[in-house]
Amino acid sequence: MSGGETEGETLEYTPTWIVAAVCTVIVAISLAVERLLHYGGKYLKKKNQKPLFEALQKIKEELMLLGFISLLLTVFQNVISKICVAHQVMEHLLPCKLPSEEEAAKPTSHFGRRKLFAEESFEMQIGYCAKKHKVPLLSVEALHHLHIFIFVLAIVHVTFCVLTVVFGGIKIRQWKSWEDSIAKENYDSEQVLKKKKKVTHVNQHAFIKAHFLGMGKNSAFLGWVDSFVKQFYASVTKSDYVTLRLGFITTHCRGNPKFDFHKYMIRALEDDFKKVVGISWYLWVFVVIFLLMNINGWHTYFWIAFAPFVLLLAVGTKLEHIITQLAHEVAEKHVAIEGDLVVQPSDDHFWFGKPKIVLFLIHFILFQNAFEIAFFFWIWLQYGFDSCIMGQVRYIVPRLIIGVFIQVLCSYSTLPLYAIVAQMGTNFKAAIFNEHVQVGLVGWAQKVKKKKALEAANDASGSGSGSGQGQASSHGGGLASNMGIQLGKFIKPTKQEETKQDEETK
């Protein structure tokens, strides 16, 4: 029995101890990963980290999707490999130039591995397609490589997202000392009285000096340049944090000046993380387009590396410029104000008035960067460093440098910037309430919805008493919806409705 035949043996002629050993290893690794994710989820729930727990569930969904893709490729690989096409179809839009007969005959390591791996599948396919004087549309080996690439891409993307949030979180948690110092001042009654009585000269405020009196005061272009430069060395300063925090609290929770803005910001970032960690459908569309455009001589893998690089710089510049705009709004309207300097959050400062666009771009940037790194390592391990798909060294080195730069800048500058500037929109996020209050609000909304539906059904059936109760309930519900909800104090709406009904009865 020859060596080539030995590598192609089926389970019929494979020793049982080998089959059992391989199955044991695969099942053991799978169970270990499953248990690791399970206990990780239990730990996050124990620590009341609901957003991170949901992000972990998102990772499980991605792994399930990968498993389904793997199953489809495995089940249909023989069917796909038996789809035969003409020779001319396989000679266009190639990632690598077809080797000449002399080059193909050389026993290079790359073609040697390729021949060794594909020997059996080629022999199976050539008998089927050669009879038709055609070639297979996609070989079993190519399907296997595509399978590995999709798996590597998903794993690298999830890993990069986790690293970005971890390192960005470390930077954001350094601001905790600023929050603690502000809270200490708010507990000091003398300091609070001094703040209310003091007069702030706007141009003397540190926030205005940093963002209004600089190089961009009289030139919009220089203002953008200043915002571009600041994202690299001083993305968020203490004066920025204090001012933006006060603007948020004054706008959204004026009745609670001791509101823990830092804790809210962390919860909001964790809530956004579960959206970023997944691979959405439009990202898969991007992968397909890249695989289509990866043609020999185009160097698509090189030029496309600049897309996340440019987008990241644009996002960082925009976030810094939003802070500058907030400073300009105050400085252009006031010379001196009573009390502390307060900025006015607004969606108008964001692209198209939608803060979610920034999160969408960060999601795309992280995925695109992960795609570049995953593609590089996949080519290196699968085909070797000297593969024609890998390209020349002058194209490889810039790609790696850009990838590392994007990861570092996004972790230590762009993500912390987004965490605080994203709160400068017109509306606050659900993370402003703790988990128990969120559950209470959702439950109350569902009860009111069911109650209104029931009363509407009673009105339709002609029940007069049901109609009267529906009006009272509707009036009570409108009163409850118009009431401002203060943090740390939550009155059950059912009691309000009962009180209102009693008053109307009297």
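Figure 1. Leu 44 belongs to helix H2, which covers residues 16-46; helices here are DSSP runs of H or I with at least four residues, strands are runs of E with at least two, and both are numbered from the N terminus. The model is predicted, so local features need pLDDT of at least 70 and side-chain atom pairs count only at pLDDT 80 or more, whereas totals for chains, interfaces and linings use all residues. Residues are numbered from 1 along each chain as its sequence is written, and side-chain values use heavy atoms, with hydrogens and water left out. With a relative accessible area of 16%, Leu 44 is buried, a term that stands for values under 20%, while exposed stands for over 50% and partly exposed for those in between (1.4 Å probe, protein chains only). Leu 44 and Leu 56 are separated by 12 residues in sequence, and their C-alpha atoms lie 9.2 Å apart in space.

Figure 2. Two or more lining residues come from each of helices H6 (140-173), H12 (261-276), H16 (356-383) and H17 (393-421), with H12 giving the most, at four residues. By class, the lining of the largest cavity holds 11 nonpolar residues, one polar and one charged; Ala, Val, Leu, Ile, Met, Phe, Trp, Tyr, Cys and Pro count as nonpolar, Asp, Glu, Lys and Arg as charged, and the others, Gly among them, as polar.

Figure 3. Rings of Phe, Tyr and Trp (its six-membered ring) pair if their centres lie within 6.5 Å, and planes under 30 degrees apart count as stacked, over 60 as edge-to-face and the rest as tilted. Across the whole structure, 32 such pairs are found. Tyr 282 and Phe 360 form a tilted pair, 5.1 Å centre to centre with 55° between the planes, and this pair links distant parts of the chain, with Tyr 282 in helix H13 (residues 281-293) and Phe 360 in helix H16, 78 residues apart. Tyr 282, at 25% relative accessibility, is partly exposed, as is Phe 360, whose relative accessible area is 39%. The rings of Phe 286 and Phe 371 lie 5.6 Å apart between centres with their planes at 75°, so the pair is edge-to-face; Phe 286 in H13 and Phe 371 in H16 are 85 residues apart, and both are buried. One aromatic cluster includes Phe 286 and Phe 371 together with, among others, Phe 149, Trp 378 and Tyr 383.

**Figure 4. The loop residue Phe 352.** Phe 352 is found in the loop between strand S4 (336-338) and H16. The phi angle of Phe 352 is near 55°, a positive value in a residue other than glycine, and the relative accessible area of 76% makes Phe 352 exposed.
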